[in-house]
Amino acid sequence: MTSCGKAENTSLCARGCGFYGTPSNHNLCSQCYKAFLKEEQAKNVIALSEKISSLTVDDSDSATAENVGLTMKRQRCMICKKKLGLISFNCRCGGMFCGVHRYPEEHTCNFDFKSRGRVILAKENPLCKADKLETRI
């Protein structure tokens, strides 16, 4: 018996290195048990990498990845070619611009805002019959 009151386990290391092993370490000594843990971890990493490599990508995911690639290419101002980071401005003409060129006057926008506004107002405010009669007189 040891001084702690436990029975001594006098089994040698299972790998045969000559040191004593313990049942809690699969009958391995401390050095062999550390090597055993590293081997097990390496096996788990290999198995996990095989599982990851066997996964397939859906077509919808690849299309999304292509769209992300396209948006990444368009991250520059169309006038000064400055990188746009988080703050970029999309114009109705279809371009992306920096803070300096965000206004239609600054980038010579070809979108007709007046006619678009008139169309929206005409849709939201239709003429009633009484108004049509007054405009004809």
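Modeller: This is a predicted model, in which local features need pLDDT of at least 70 and side-chain atom pairs count only at pLDDT 80 or more, while totals for chains, interfaces and linings use all residues. Residues are numbered from 1 along each chain as its sequence is written, and side-chain values use heavy atoms, with hydrogens and water left out.

Biologist: What pattern does the protein chain follow along the sequence?

Modeller: Helices (H or I, at least four residues) and strands (E, at least two) are DSSP runs, numbered from the N terminus. The protein chain has four helices and two strands. Read along the sequence, the pattern is α-α-β-β-α-α.

Biologist: What percentage of the residues of the protein chain count as buried?

Modeller: Buried means under 20% relative accessible area, exposed over 50%, and partly exposed in between, with a 1.4 Å probe and protein chains only. Of the 137 residues of the protein chain, the buried share is 12%.

Biologist: Which residues make up the largest nonpolar core?

Modeller: A nonpolar core is a set of buried Ala, Val, Leu, Ile, Met, Phe, Trp, Tyr and Cys residues joined through side-chain atoms within 4.5 Å. The largest one holds seven residues in all. They are Cys77, Leu84, Cys91, Met96, Phe97, Cys98 and Cys109.

Biologist: How many disulfides does the structure hold?

Modeller: A disulfide is counted when a pair of cysteine sulfur atoms lies within 2.5 Å. The total for the structure is zero. Cysteine 32 is in no disulfide, its nearest cysteine sulfur being that of cysteine 29 at 3.5 Å. For cysteine 77, likewise in no disulfide, the nearest cysteine sulfur is 3.7 Å away and belongs to cysteine 80.

Biologist: Is histidine 107 buried or exposed?

Modeller: Histidine 107 is placed in the loop between β2 (96–97) and α3 (113–124). Contact means heavy atoms within 4.5 Å, and histidine 107 touches Ile79, Cys91, Cys93, Phe97, His101 and Arg102, not counting residues up to four places away in sequence. With a relative accessible area of 5%, histidine 107 is buried.

Biologist: Which backbone oxygen does the side chain of histidine 107 reach?

Modeller: A polar contact is a pair of N or O atoms within 3.5 Å; within protein, one must be able to donate a hydrogen and the other to accept it, and residues adjacent in sequence count only if both atoms are side-chain atoms. At 2.9 Å, the side chain of histidine 107 reaches the backbone oxygen of histidine 101.

Biologist: How many aromatic pairs does a search of the whole structure find, and which form does the pair of phenylalanine 111 and phenylalanine 113 take?

Modeller: Rings of Phe, Tyr and Trp (its six-membered ring) pair if their centres lie within 6.5 Å; planes under 30 degrees apart count as stacked, over 60 as edge-to-face and the rest as tilted. The search finds two aromatic pairs. In the pair of phenylalanine 111 and phenylalanine 113, the centres are 5.0 Å apart and the planes stand at 70 degrees, so the form is edge-to-face.

Biologist: Is threonine 108 buried or exposed?

Modeller: Threonine 108 is found in the loop between β2 and α3. Its phi is positive, about 45 degrees, although threonine 108 is not a glycine. At 69% relative accessibility, threonine 108 counts as exposed.
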